Amino acid sequence: MLSDDDILAAVRRGLGAPGADDAAFPAAGAHITRHLLLAGEIVRCVETRTEGTAFHAGTRDLSDLPEYDDLDRYPVPPPADPGAARSTLRLVRRGSVAAHACSTCTNGRKPCARCRGAGDVACRTHVPCAGCEGRLCCLACEGTGKRAREAADRPQGETASRVRCRKCGADDAACGKCRGAGRKKCGVCGGTASRPCPDCAGGGTVSHDFCAGTGRYVEWTEGVVVREPVVDTVEESSDLPARAFAWTNEADAWNRVDHVGEDAFPPDDTDTGSGPGTRTDLTEATDLTQDTDLAEVAARLKPRLGFRDGEVARRVRVRYLSLARVTHDDHPDRVYVVIPGRPAPQVVTVRSPRRAWRLAALGLLVLVAVVAVSRLLT
């Protein structure tokens, strides 16, 4: 933390005072307040446990899954990284596995619903001719065998040659593919009116979906432990404008707090939760040098660090930087913000609230004058 003398010296250098002359910015009349920038995140690993009936069609070896007696008491070690991606652990309740023979099928097969076990389905004996599609099959008799009084005109654009009609005998009148019949025998059933069922391929039975055609299935009680990270973003500027973060950079003298595990829990007399392990104060757990800034960080974070249902681990990773806000009786229109950094502190100059109000009032006065003049002119 910068001393008051260091802060005033930085402001003098920022003003360009030759040799940082004390007279340019005397200590008398200077008012220094300190403000903490705090940024980072609190990542909690939150766990949910659920139990329900699981099902598997066919047979399954569940020996590779952990067994439990009481899901709530089953121990799962806390994650090394509370921010790790969502994970799922599946377990089997001891003694709950039951294998069954499927009672609604025969060795994994059931009658085909489409053909009702017959193996074949009805089919058309004849299909329209692919050449004339049953229309204008014969220009003389139209497939009836009796010639019409007036022959039909040839289809527009027809290029195929016509043949003798086998029904009425007219020359050069019938379709060359069906010879006046207008239809042909079905190519699937050959005119028998019956074809193999497409669902069961003629077998009469299909695989039973419930047991996946195995004739067996397995049921058990399954416990599921799901862990996923929940992130709480921290960004506080302690009575400074939010843009104060933009005045800093990584080269500044940021301090960091990084805790993973039980020591990230502060003591809380109002908390009756059953979190993992003993909770210790953040300032006591840190390895950094104890100072007033760190104590303020702990105080700022404490309201955010209450235990959440299902929380099994957390990581507190924040950075903090103490800035000095300087005003001076001789400089009523300016506020100087001193930012610790390397190799030397930086100074940002902003308008004082007094100057901001004066400019706002001046702008309002100009606006009123413009409105008044415009009304006079109209």
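Modeller: Let's start at A212, which sits in the loop between β10 (205-207) and β11 (216-236). Strands here are DSSP runs of E with at least two residues, helices are runs of H or I with at least four, and both are numbered from the N terminus. Before going on: this is a predicted model, so local features need pLDDT of at least 70 and side-chain atom pairs count only at pLDDT 80 or more, while totals for chains, interfaces and linings use all residues. Residues are numbered from 1 along each chain as its sequence is written, and side-chain values use heavy atoms, with hydrogens and water left out.

Back to A212: its phi is positive, about 55°, although it is not a glycine. A212 is partly exposed, with a relative accessible area of 47%; buried means under 20%, exposed over 50%, and partly exposed in between, using a 1.4 Å probe and protein chains only. A193 is another non-glycine with a positive phi, this one about 70°. That alanine belongs to the loop between β8 (183-185) and β9 (194-196), and at 31% relative accessible area A193 is partly exposed.

I7, L8, A10, V11 and R12 are its buried residues, and they pack against β1, β13, β14 and β15, a contact being heavy atoms within 4.5 Å.

Now for the cores. A nonpolar core is a set of buried Ala, Val, Leu, Ile, Met, Phe, Trp, Tyr and Cys residues joined through side-chain atoms within 4.5 Å. The largest has 14 residues, and L37, W247, L323, V337, I339 and V348 have the most contacts inside it. Two or more residues each come from β1 (30-57), β13, β14 (331-339) and β15 (346-351), with β14 giving the most, three. A second, separate core has twelve residues, including L36, I42, V257 and V316.

Strand β13 (residues 311-328) also holds E311. E311 is buried at 3% relative accessible area, and its side chain has a polar contact of 3.1 Å with that of R44. For a polar contact, a pair of N or O atoms must lie within 3.5 Å; within protein, one must be able to donate a hydrogen and the other to accept it, and residues adjacent in sequence count only if both atoms are side-chain atoms.

What about the cysteines? A search of the whole structure finds zero disulfides, meaning pairs of cysteine sulfur atoms within 2.5 Å. The sulfur of C132 has its closest cysteine sulfur, in C178, at 3.7 Å, so that is too far for a bond. C197 is in no disulfide either, with the nearest cysteine sulfur, that of C112, 3.7 Å away. C132 is buried at 9% relative accessibility, and C197 is buried at 1%.

Zooming out, the protein chain has four helices and 15 strands, and 34% of its 378 residues count as buried.
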